[in-house]
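Here's a quick briefing to read alongside the model.

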Amino acid sequence: MKLYITESRMTRPKYDYLIVGAGLYGAMFAHTATLQGKKCLVIEKNNHIGGYCYTENVHGIEVHKFGAHIFRTNSKKVWNFVNSICEFVPFINSPLADCQGKIYNLPFNMNTFNQVFGTTTPAAAKEAIEMDKVVFDSPRNLEEHCLSTVGRRIYEMFIKGYTEKQWGKKCTELPASIMKRIPIRYTFDNNYFNEKYQGIPKCGYTEFIARLLLGSNFALGTDFFDDSERLSSLARNIVYTGPIDKFYNYRFGKLDYRSVRFKETYLPDVDNLQGNAVINYTDSHVPYTRMIEHKHFLKTQCNGTVLSYEFPCDYNENGSPCYPIPTEGNLMKYAKYKALADKEPNVVFGGRLAEYKYYSMNDIIEQFV
């Protein structure tokens, strides 16, 4: 649905808010503003709503088109809110790791330590990890941080290859802040997250976003930068969720992002290939980081299965900027853009790209609920 604007519509702002981007932040802003009686126009350059949460039904299976999305929160209020939009089916994320053809449990817990060290008690597991650590008084990079936290064996088996594929850099070149807290559990618990409430919308994330947009006008295939002046004239205020450096025409240079390329495969004659929703591939020679079998998310009962392979890659203008790369240089550059944004009249900058910050879905929703 392409939006066409005539000169007569430019004489007076028709909307309270022009929201640039129909992802989760834009949809939540529109939902909140609409409930307050405001008029919103949401524009999206892609041909679908939902941003990175976009899902699509493929052969009867709800496919997460941009990687696995499991919603989680500790807030009863937030959990009640999302379920008021669409029923969320409880789902415990228990990914596995494939290392040299063997399967291990994640996150690092007693099952993992038994598989790696042969330990059967928390005390023995702690001792094994302590003996394997390489101590650094002040870790200078991600590798030193991991070696001093979980030891060489866990680091080399599960972190090094996976992380270097993910970021396209050696762990010695990455800041420790990328992995501030490495989850270590001395219990036999494969629940990857700690949050009390965890689940996936039964209706699919695309429908969930669509319900948030009820009451707003929106247009797909509409790029703000193709006609920013006329689009801006339609509303009193702008909510911008795109890359902040692009908003300012890269005045201080481009910010770095890491992207992901997805390869999707449908196997009509296989009903269950890997027996789990997510498997991480930690070996550096395997080009993808994860393989996702989507039917396990909602326990879909149907013939065939859909798989997605995730290939981390460098970001370019033809791809999607997925993960901000928080190096010192990038953060200093972003600070300059933020200083401009803070002085911008009638413009709200929100979301992962506009704030150059990684957000989980609950982080976004909790800002509005």
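Three strands form an open sheet in the order E5-E9-E6, paired antiparallel. Strands here are DSSP E runs of at least two residues, helices are H or I runs of at least four, and both are numbered from the N terminus; two strands pair if DSSP finds at least two bridges between them. Bear in mind that this is a predicted model: local features need pLDDT of at least 70 and side-chain atom pairs count only at pLDDT 80 or more, while totals for chains, interfaces and linings use all residues. Residues are numbered from 1 along each chain as its sequence is written, and side-chain values use heavy atoms, with hydrogens and water left out.

- E6 and E9 (residues 197-201) run antiparallel and are joined by three bridges.
- Across from Pro-90 you'll find Gly-199 in E9.

**Helices on the sheet**
- H7 (residues 205-212) lies across E5, E6 and E9 and runs at about 90° to E9; angles go from 0 to 180 degrees between N-to-C directions, and axes are lines fitted to C-alpha atoms, for helices over the stretch in contact.

**H1 against H7**
- The axes of H1 (residues 24-35) and H7 come within 8 Å and cross at roughly 35°.
- H1 brings Leu-24, Ala-27, Met-28 and His-31 to the contact (heavy atoms within 4.5 Å), and H7 brings Phe-208, Ile-209 and Leu-212.
- Sorted by class, that's six nonpolar residues, one polar and no charged. Nonpolar covers Ala, Val, Leu, Ile, Met, Phe, Trp, Tyr, Cys and Pro; charged covers Asp, Glu, Lys and Arg; the others, Gly among them, are polar.

**H3 against H4**
- H3 (residues 110-117) and H4 (residues 122-132) pack at about 60° with their axes 10 Å apart.
- That makes H3 oblique to H4 (under 35 degrees is roughly parallel, over 145 roughly antiparallel, 65 to 115 roughly perpendicular, and the rest oblique).
- Met-110, Phe-113 and Phe-117 of H3 meet Pro-122, Ala-125, Ala-128 and Ile-129 of H4.
- This contact has seven nonpolar residues, no polar and no charged.

**The disulfide**
- There's one disulfide (cysteine sulfur atoms within 2.5 Å) in the structure, joining Cys-86 to Cys-203 at an S to S distance of 2.3 Å.
- Cys-86 sits in the loop between H2 and E6 and Cys-203 in the loop between E9 and H7, so the pair ties together parts 117 residues apart in sequence.
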